[in-house]
Amino acid sequence: MRGLRADDDGCNGDADRDGGRGGGERRGRVLWAGLAAGATALTGLVAFGLLAAGCSAGGTGTRDEGPAGSQPVAQVTPSPGTTSTARPTPRVDPVKLVKADPKVSERVRADLKPCAGSEYPVDTSYGTLTGGSSPDVVVNVMTCADSVGVGTYVYHREPDGAYRNVFTVEQPAVYGTIDRGDLVVTAQVYEKKDAVAYPSGEEVITYRWAGSRFEEHDRVYNDFNRAVGNGTAGLPESAEPVGN
């Protein structure tokens, strides 16, 4: 390849002019191609550098778990558990309470025996009936054979912790419950030849505490149908509901 002299301006002679002009054009194209290639490479390097910087800095670049979301991540703080201030209801031994109560008849106390093992036929409910600071206790004593109630008793807890009998009813098929601060006593009514499972009716009496004693507040009598209850007929088939 011919070297360029200091006085060679590329314009001496036709050949030189042609050669110089052609060589200059070629050199220009090569130069511009080189510059373009360099710019392209530089752009690629800059883009790669930005991508690498974004990934290393924890930016919004592509990650293994997918593109970063545009919404901020909400920080959920669990609310502290609510602590109940209610005191636990003190439990009593209903059998011991009934057997030590002089207001309970001798017959009921004598018949109160375990049905199986150490299980006594006694139901116990706790609730507010007399307006005291401690729950009152309702005890229902039943028979082992058919679970028929024979006595309902209400005990009020005194400030010294002792329980005092404030209500007693003893009759066949009686049962007492607590309903929104009232004492509700249900008694099955039997007539001659009535089976234990099919009484003729029932009487529901609501008692309300009146300062020092329970007073009757309401009485409802339900007369049961005598045409049913022989145990021979099955349940009727259910009809499909009719749409509107």
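Predicted model: local features only at pLDDT ≥ 70, side-chain atom pairs only at ≥ 80, totals over all residues.
Student: What makes β2 and β3 a pair of strands?

Tutor: Strands are DSSP runs of E with at least two residues, and helices are runs of H or I with at least four, numbered from the N terminus. Two strands pair if DSSP finds at least two bridges between them. Six bridges join β2 (residues 136-142) to β3 (residues 149-157), so by that rule they pair, and they run antiparallel. For instance, V137 has Y155 as its bridge partner in β3, and N140 has T152. The two strands form a hairpin with six residues between them, and S147 in the turn has a positive phi of about 60 degrees.

Student: Why is V138 called buried?

Tutor: Buried means under 20% relative accessible area, exposed over 50%, and partly exposed in between (1.4 Å probe, protein chains only). V138 has 0% relative accessibility, so it counts as buried. This residue lies in strand β2, where seven of seven residues are buried.

Student: How do you know that both faces of β2 are covered?

Tutor: In a regular strand the side chains alternate between the two faces of the sheet. In β2, D136, V138, N140 and M142 are on one side, V137, V139 and V141 are on the other, and all are buried.

Student: Which residues does V138 contact?

Tutor: Contact means heavy atoms within 4.5 Å. Leaving aside neighbours within four places in sequence, V138 is in contact with residues including D123, T124, T152, I178 and L183. V138 and T152 are 14 residues apart in sequence and 7.1 Å apart in space, C-alpha to C-alpha.

Student: What makes a group of residues a nonpolar core?

Tutor: It is a set of buried Ala, Val, Leu, Ile, Met, Phe, Trp, Tyr and Cys residues joined through side-chain atoms within 4.5 Å. The largest one here has 14 residues, and V98, V139, V141 and Y155 have the most contacts inside it. Two or more residues come from each of α2 (94-99), β2 and β3. A second, separate core of 13 residues includes F167, V169, L183 and Y207.

Student: Why is the pair of F167 and F214 called edge-to-face?

Tutor: Rings of Phe, Tyr and Trp (its six-membered ring) pair if their centres lie within 6.5 Å; planes under 30 degrees apart count as stacked, over 60 as edge-to-face and the rest as tilted. These two rings have centres 5.8 Å apart and planes at 80 degrees, so the pair is edge-to-face. F167 is in strand β4 and F214 in strand β8 (residues 214-223), 47 residues apart. F167 is buried at 11% relative accessible area, and F214 is buried at 7%. Ring pairs link F167, Y207, W209 and F214 into a cluster.

Student: How do you know that R180 is exposed?

Tutor: Its relative accessible area is 79%, so with the cut-off passed R180 counts as exposed. R180 is found in the loop between β5 (174-179) and β6 (182-189), and has a positive phi of about 50 degrees although it is not a glycine.

Student: And why does K193 count as exposed?

Tutor: K193 has 88% relative accessibility, so it is exposed too. K193 sits in the loop between β6 and β7 (201-209).

How values were computed. Residues numbered from 1 in each chain as written. Heavy atoms only, no water.
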